[in-house]
Amino acid sequence: MKATVLTAVLAAVVPTVAVAQTRGGVEGRVVDPAGRPLASAEVSVDRWRATTDADGAWRITHLEPGLYRIAVRRLGYRPSRQEVQVEPGRTVLVTFVLELAPFMLDSLVVSAPPSSISTTDAEFGTKLTVSEISLLPSTFDLRQLIALTPGARPDQIWGGASDQANSYSLDGTTVNHPGLGGALLLPSPSWIEALEVRGLGAGADVGGAQGGLVEVVTLGGRNVIEGALRTSFESARINGTNLIPGEIGRELASRRELDGHVRGPLVHDRLHFALFGHVIRQEEQVLNYVPSTTGAFVAQPPSFREERGLAKLSWKPSGRDLLEGSLMGRHQNGDRVGQTGYEAADATERLRQWNLTGNLTWQRSWSPRSALTVRVGGFTTREWHDPYGGLAAPGIELFTRVDPPRYQNATFRTGAAPSSLGFTTAWTGRGRLAGLEHEVKIGGEYTLGGWWYERRRNGGMTWRPLRVLGFDPASPATWDYLGEIPTGWGGDVLINSTVRNGALFVQEQVRIRSWLRFNPGFRYGWWTGDLTPASGAPRFTAVRDQALEPRIGVVAELNGLGGLVAKAHWGRYHQPMFAALFDRVVGAGTYSDEEIWSYLGQPPGTPTRTFTLAERDSLAAAGLFRLEETVRLGQAGGVAQYHQPYMEQAVLSLERAFGTRWKVGVAYVDRKNRDMVALVDRNIASNYTVLENVMILDRFNQPVLFGGQPLVLERLAMSNEDILYVQELLRQGVLLDPNKLYAPPGMTPAELAALRYDPDFVLTTVPEATRRFHQFQLRLEARYRTWWAGASATLSALKGNYNVVTGPDDYTNGGPGPWVRLNEQYNFFGALNNQSRFDGKVYLGGLLPARFRGGVFFSYATGDRVTPTLPISGLLTDFAVAIPQTSNPAVMDTLSFHRFLFRSTTGHRIFIQPRGTYRHEARASLDLHLERSFPRGRTEVVLVVDGFNVLGDGSVTGIQTEVNSGFFESDYGRVRSRVPPRTLRLGAGVRF
């Protein structure tokens, strides 16, 4: 047996070594005139292609002996060519020094590199460069550029659970939110040199993300002074609108911006700088639905003022070393923010925010075969949402489930302070071992993040009067309904957390034959989350875990099949630690329950009157306050069998280049989420009693209609806690209404006596939580000297029962989730939203006659999935069943349950149909960019016009999903959002 294995190994290795001895190769570096490495340069040797890494190194091997011409291209530099003689068994070393090209868009397009297929790694991502971004319709938010990636959208990349599943880096520094996940701070789109979306087939050197990894690189200084200054303007007066009276929506009213940068040398060939600045002024318009005000739009709409800045320095102290540093800041103020159209001006919020991020990078290169990168960076942020009425004045919020009109003051004040500091290092080495070519990357990373967040109810309470005839928010005497005024209490949040993410990795690339490369990689990660309790007790470690992430890729150059490149990759990708994964650990005290109490005394003399908790409890003892219902938000549990969530991914792809200008590719992506984290009640099955065929009535005992028919729930879970509570009130003689049900029908006294409510909450991974994503991609790309284009088509399927990494599922505003709330498990498996079944994209940019240039982006997507829901509320909804009459069992009576039977399940959400039953309508969008250049020597003046949604599509993207949203009326199906309207943006600028 051993001889057989040895024979097989020798049979595989010896031919490879023999072939290697008869062939040669070329390798080297690409640098600028100052000797600084140039990453992302395209190197071509006949039909072979390579891309330089961060150290400017590249390598092409297994070439037949002979004379070859090497061509090197990179945006912003003049192409370079050189002929070399390849000899058997030898690798030729070549260094290319690229000269600067004037930073004019025409030259950037002309010098754009040809299409190429990487044959060194198994990745299948997308990359945009400055020339491509400049020709596309401009965007405010850099994340909108993700929409050009096949099968992805800005807030969901390849099936990831919203933006929290993505990972973002800025000039190599991670800028993920340590509390919520997702991006915290990104630069203006005009500042970036390249944006790359990775994750499909990414090696072990890439950090964890269950969605995608978005890498942003900003522009840097060179040996010439260059810069730009631009301004743009848009207004609702010249734009279309998709705001329709009766619907809920907001749109941009006006926006003005001034953006500029200057870059160049401080010391020629040694020290370079880059400075950027951006000033934005923006106003919105919001449809008005406040009954006490007039006008189609709110009188004091939201407005924002924002300033951004970025400074970069690069220093080359020697021919082997490069130091780069940057510092970016952002300051934003907003007035009357957070409006939906149901807020009076004094019930809105004032926004104050500032961010600061920085990084420092050292690169050391000993040779094209050995390089080291060390980087340290981080960020800090402060953000406040302040009430206009001060902290002592209570808000007034009408008692309804959806879109309650608000007056006098905002309900809550919030403050947030995320921060992060990270360190990374990586060494890359290339060489030969046992006759095989190897490239290995070894490194590690460590990030320390902090997240403080506080939400406090203004005034300690909120007046929640019903919408009665004659209601006046300034006159408490008009709030009374049947001698009661509802009030809201609690719902506060306080979290002070620290997260630590660390990893060691090794990624190998081994060419085992001239056409076959094997890329194994391993990443060992560890994650820790600490909390300081809201009570002020000492900080403690809430969760920790460590795990190995294997990643394996294969790349095959199938030249016998017309130059196809086949890739296969499998790997595990863990989610970085963030506070939402462990904020429900027992002892944290992060969340507090929200309670509704009815005030039974005389109406207050002024609307700003408040009661303290002590005063409320004292009045409750005197019969002047009564607890009506509780929304359980504060459940927490101990940690049991916690594992960091991860995603298993398999990617298969085929790519083929047609000459040097065209490239086509197909790919299949399979993703499975594992070890998703949630709070779990291990006694959930025995803590609830399940009812069947429950009718839904409004507060006036009329059926709630859905689809023109009375709504009947197949199942409804009633908490045993509430059943036992009501039985105790019956024994005390408190409940006397004979027309109400006080227990589930048919339940015997013995069964009632046997009921138990014994919650056993633990924070753990949930095997029953599932998310599964499949996607087929087709990509096409063309690059010519004066134009470039791309197209993609994808078919996707995203199914599961949990549409987040952790925390409240979608369709839910808060709470511990479906493994504590049994009602939220009904119909919860199905097609998940935020994903289109079919998605098609086409983009094109280039030079036009008469010094015009421009681009176009067209997208079409089938609508997202949507599911009708019912939130439980004993105060706003009646639940009834049909009961046979005692005297005549053939006749059925409809009896309602007493509302106290739903005191603790208030706030639970039920899918009344299988998840993803419906979908929104398909949407199509056509965006255009056109600019005219007026050259003046080394300077050019540019006039710009951008058109968005020029086809005037008005597709619905969001509706009200709750079927019992009001006191007696339903808002189900009401449009809450449409695609942005037809928009025209005018701009001008100067480049030098």
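Predicted model: local features only at pLDDT ≥ 70, side-chain atom pairs only at ≥ 80, totals over all residues.
Local features were taken at pLDDT of at least 70 and side-chain atom pairs at pLDDT 80 or more, whereas totals for chains, interfaces and linings use all residues. Residues are numbered from 1 along each chain as its sequence is written, and side-chain values use heavy atoms, with hydrogens and water left out.

A search of the whole structure returned 10 cavities of 30 Å³ or more. A cavity is a set of points, on a 1 Å grid over the protein atoms alone, where a 1.4 Å probe fits but cannot get out; grid points are joined across faces, edges and corners, and the volume is the space filled by probe spheres set on the points. The second largest cavity holds about 620 Å³. Its lining (residues with an atom within 4 Å of a point) comprises 36 residues, of which Ser134, Ser190, Arg230, Glu931 and Arg991 lie nearest the centre. Elements that each supply at least two lining residues include helix H2 (105-110), helix H3 (130-135) and strand S59 (983-991), where helices (H or I, at least four residues) and strands (E, at least two) are DSSP runs numbered from the N terminus. Strand S59 contributes the largest share, 7 residues. By class, the lining contains 18 nonpolar, 11 polar and 7 charged residues; Ala, Val, Leu, Ile, Met, Phe, Trp, Tyr, Cys and Pro count as nonpolar, Asp, Glu, Lys and Arg as charged, and the others, Gly among them, as polar.

The structure contains 25 aromatic pairs, defined by ring centres of Phe, Tyr and Trp (its six-membered ring) within 6.5 Å, with planes under 30 degrees apart counted as stacked, over 60 as edge-to-face and the rest as tilted. Trp463 and Phe611 pair edge-to-face, at 6.2 Å centre to centre and 70° between the planes. Trp463 lies in strand S26 (residues 462-463) and Phe611 in the loop between strand S32 (594-599) and helix H4 (613-621), so this pair ties together parts 148 residues apart in sequence. Both Trp463 and Phe611 are buried (under 20% relative accessible area, with exposed over 50% and partly exposed in between; 1.4 Å probe, protein chains only). Trp463 and Phe611 also belong to one aromatic cluster with Trp479, Trp489, Tyr599 and Phe625.

Charges also sit over rings, a term requiring NZ of Lys or CZ of Arg within 6 Å of the ring centre and within 35 degrees of the ring normal. The charged end of Arg909 sits over the ring of Phe911, 4.2 Å from its centre, and Arg932 lies over the face of Phe852 at 5.6 Å from the ring centre.

Notes. 1 Å grid on protein atoms, 1.4 Å probe; cavity = no way out; pocket = protein on both sides within 12 Å on 5 of 7 lines; lining within 4 Å.
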